[in-house]
Amino acid sequence: MKKLKATAVAPSNIAFIKYWGKKDEILRLPENGSVSVSLSNLLTKTTVEFSSEYQTDKIIINKAEDKKEARRVINHLDRIRDLAHINEKSKVVSSNNFPASSGLASSASGFAALTLAATKATGLSLTEKELSVLARIGSGSACRSIPNGIVEWKEGKDSDTSYAFSIFPPHHWAIGIIVAIVKGEKKEVGSTDGMKLVNTSPFFKERLLNIEWKIKKIKQLIKEKNFPLFGELLEAEALELHAITLTTRPAIIYWQPGTIKVMKLVQKARSEGLLGYFTIDAGPHVYIICEKKNVSGLVKRLRGIEEVRNIIVNEPGEGARIVEEHLF
Ligand code: DP6
C-alpha cells in the first residue's frame with residue numbers, strides 16, 4: 001500500500017487585532033475579522049501517518065497522550081478522512097520548539113501543522129485558502145498560521161468565505177516580536193470557553209462597532225510603516241480585549257503580577273525613547289513589538305524582571321510548510 005505519511009511545520013501567530021467571539025461555534029466563524037503576524041521562532045512540527053495497521057488513532061503531543069486534546073485532534077482527522085474518502089486510523093506525533101510548560105502551546109500552530117500534514121498524507125492537494133478554511137474549523141486562530149508574514153482573516157459570510165491570507169510578506173517590515181513568558185499558574189480558562197462569554201460584557205457591542213475601522217487603520221499603518229501609530233493602536237486593542245474579558249460574567253483575569261510589570265516596563269522604556277508596544281492574548285504572557293534595532297535594549301530590560309521566566313525573540317515568519325524529515 002502507498003505510504004500515507006507527511007510532516008509539516010507551522011508557526012504560532014500573534015494577533016494585532018484580535019479574534020474574540022464566534023458567530024458560529026461549530027464552524028468557528030468569528031464575530032469579526034482579525035490581523036496577525038506569523039512568528040518565526042514559535043513552531044509546531046507534526047507528522048501524520050494513516051495506515052490500515054493502526055487499530056485506533058494514536059495522538060502524541062509533546063511526548064504525552066492527553067485525552068482531551070486527542071479528542072479535538074481526532075475530530076479534525078475525521079474531517080480530513082471524509083474529504084479524502086479514506087478510513088485508515090492514524091498516528092500523529094507533534095512537538096513544539098518551545099518549552100511545553102511555557103503556556104504558549106498554541107492551538108494555532110498545532111492545528112495549522114496538523115491540517116497541512118494530514119491533508120498531504122492523504123494525498124489531497126488543497127489550495128492555501130482551502131487549508132486555511134479547514135484549519136479554522138480545528139481552531140479559529142489556526143487559519144492565520146497557514147499564510148506567510150502579516151495576515152488578515154476576513155470573518156466571511158459562511159465557511160468558504162472565512163479564511164486568512166497574506167497581506168504583507170515577512171520581510172515587509174523589520175520588526176521584532178519579543179515574547180516575555182511570565183511566571184504564574186497554568187491558564188484557567190481556554191480561549192474557546194472564554195469567548196463564549198463575550199455577550200455578557202456590556203462593552204462587546206461597542207467593540208464590534210469600531211472593529212472594521214480598526215482593521216482598516218492598522219493595515220494602512222503597517223503599509224506606511226508608521227511604527228508609533230501602529231503601536232498605539234496595537235496596545236489599545238490588546239487592552240480592549242482584556243477590558244472585555246474583565247467584564248464578562250464570570251470575569252476572566254488573564255494577567256499575572258509579571259504581566260503588569262512587563263506592561264509598565266514597556267511604557268517606561270517608551271517614555272525614555274526605547275520604543276516598543278505590547279499585546280497580550282488570553283493568557284499572562286506579553287508580546288512586545290518593536291523595530292529590530294530596539295530588540296536588544298528591550299530584552300536587556302526584561303531580564304531585570306524576576307517574573308519573566310523566558311524570553312523568545314521572533315521576526316515575521318513564514319506560514320505552514322511541508323518538510324521532509326518525519327518525527328517517527
Ligand atoms: C486571544 O483560536 O484559540 O488568541 O477558535 O476556540 O480554538 P478557538 O480559539 P483560539 O482563540 C484565540 C484567541 C486570541 C486572539 C487571537 O488570536 O486573535
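**Entry 1: helix H6**

I began with H6 and looked up its buried residues: Phe227, Phe230, Gly231, Leu233, Leu234, Glu235, Glu237, Ala238, Leu241, His242, Ile244 and Thr245. I kept in mind that this is a predicted model.

What do these buried residues pack against? I found strand S1 (4-17), S9, H5, H7, S10 and S11 as the partners of the buried residues of H6.

Next I checked the length. H6 has 20 residues, and at 1.5 Å a residue they should span 28 Å. The end C-alpha atoms of H6 are 28 Å apart, which agrees.

For helix H5 (residues 204-224) and H6, the axes come within 10 Å and cross at roughly 155 degrees. H5 and H6 are therefore roughly antiparallel to each other, since an angle over 145 degrees counts as roughly antiparallel. I also noted that H5 passes H6 in a left-handed crossing.

Which residues make the contact? On the H5 side I listed Phe204, Arg207, Ile211, Trp213, Lys214, Lys217, Ile218, Leu221 and Ile222. On the H6 side I listed Leu229, Phe230, Leu233, Leu234, Glu237, Glu240 and Ile244.

In the loop between H5 and H6 I came to lysine 225. Lysine 225 has a positive phi of about 55 degrees although it is not a glycine. Lysine 225 is partly exposed, with a relative accessible area of 41%.

**Entry 2: on to H7**

Between H6 and H7 there is a loop, and proline 250 lies in it.

H7 covers residues 257-271, and its 15 residues should span 21 Å at 1.5 Å a residue. I found its end C-alpha atoms 22 Å apart, which agrees.

Which residues of H7 are buried? My list reads Gly258, Thr259, Val262, Met263, Leu265, Val266, Ala269 and Arg270. Looking down the axis of H7, I saw that its buried residues fall within an arc of 160 degrees, so they line one face of the helix. The spacing makes sense to me, because an α-helix has 3.6 residues a turn, so residues three or four places apart point the same way.

The face of H7 turned away from the buried side carries the exposed residues Pro257, Lys264 and Ser271. The buried residues of H7 pack against several elements, among them strand S9 (175-182), helix H6 (227-246) and strand S12 (308-314). Just after H7, I found that glycine 273 takes a positive phi of about 95 degrees.

**Entry 3: H7 beside H8**

The axes of H7 and H8 come within 11 Å and cross at roughly 135 degrees. H7 and H8 are therefore oblique to each other. H7 passes H8 in a right-handed crossing. I wrote down the contact residues: Val262, Leu265, Lys268 and Ala269 of H7, with Leu298, Arg301 and Leu302 of H8.

I then moved to helix H1 (residues 67-84) and helix H3 (residues 128-138), whose axes come within 9 Å and cross at roughly 145 degrees. H1 passes H3 in a right-handed crossing. The contact involves Arg72, His76, Arg79, Ile80 and Leu83 of H1 and Leu134, Ala135, Ile137 and Gly138 of H3.

Is phenylalanine 111 buried or exposed? Phenylalanine 111 is buried, with a relative accessible area of 4%, and it is found in helix H2 (residues 107-122). Leaving aside neighbours within four places in sequence, I found phenylalanine 111 in contact with Arg72, Val73, His76, Ala135, Gly138, Ser139 and Ala142. I also noted that phenylalanine 111 and serine 12 are 99 residues apart along the chain, with their C-alpha atoms separated by 9.9 Å.

My last stop was histidine 85, in the loop between H1 and strand S6 (89-96). Phi of histidine 85 is near 55 degrees, a positive value in a residue other than glycine. Histidine 85 is exposed, with a relative accessible area of 71%.

Conventions
Residues are numbered from 1 along each chain as its sequence is written. This is a predicted model: local features need pLDDT of at least 70, side-chain atom pairs count only at pLDDT 80 or more; totals for chains, interfaces and linings use all residues. Side-chain values use heavy atoms; hydrogens and water are left out. Helices (H or I, at least four residues) and strands (E, at least two) are DSSP runs, numbered from the N terminus. The expected span of a helix is 1.5 Å times one less than its number of residues. Buried means under 20% relative accessible area, exposed over 50%, partly exposed in between (1.4 Å probe, protein chains only). The arc is that of the directions from the helix axis to the C-beta atoms. Contact means heavy atoms within 4.5 Å. Axes are lines fitted to C-alpha atoms, for helices over the stretch in contact, and angles run from 0 to 180 degrees between N-to-C directions. Angles under 35 degrees count as roughly parallel, over 145 as roughly antiparallel, 65 to 115 as roughly perpendicular and the rest as oblique. A crossing is left-handed if the near helix is turned anticlockwise from the far one by less than a right angle, and right-handed if clockwise.
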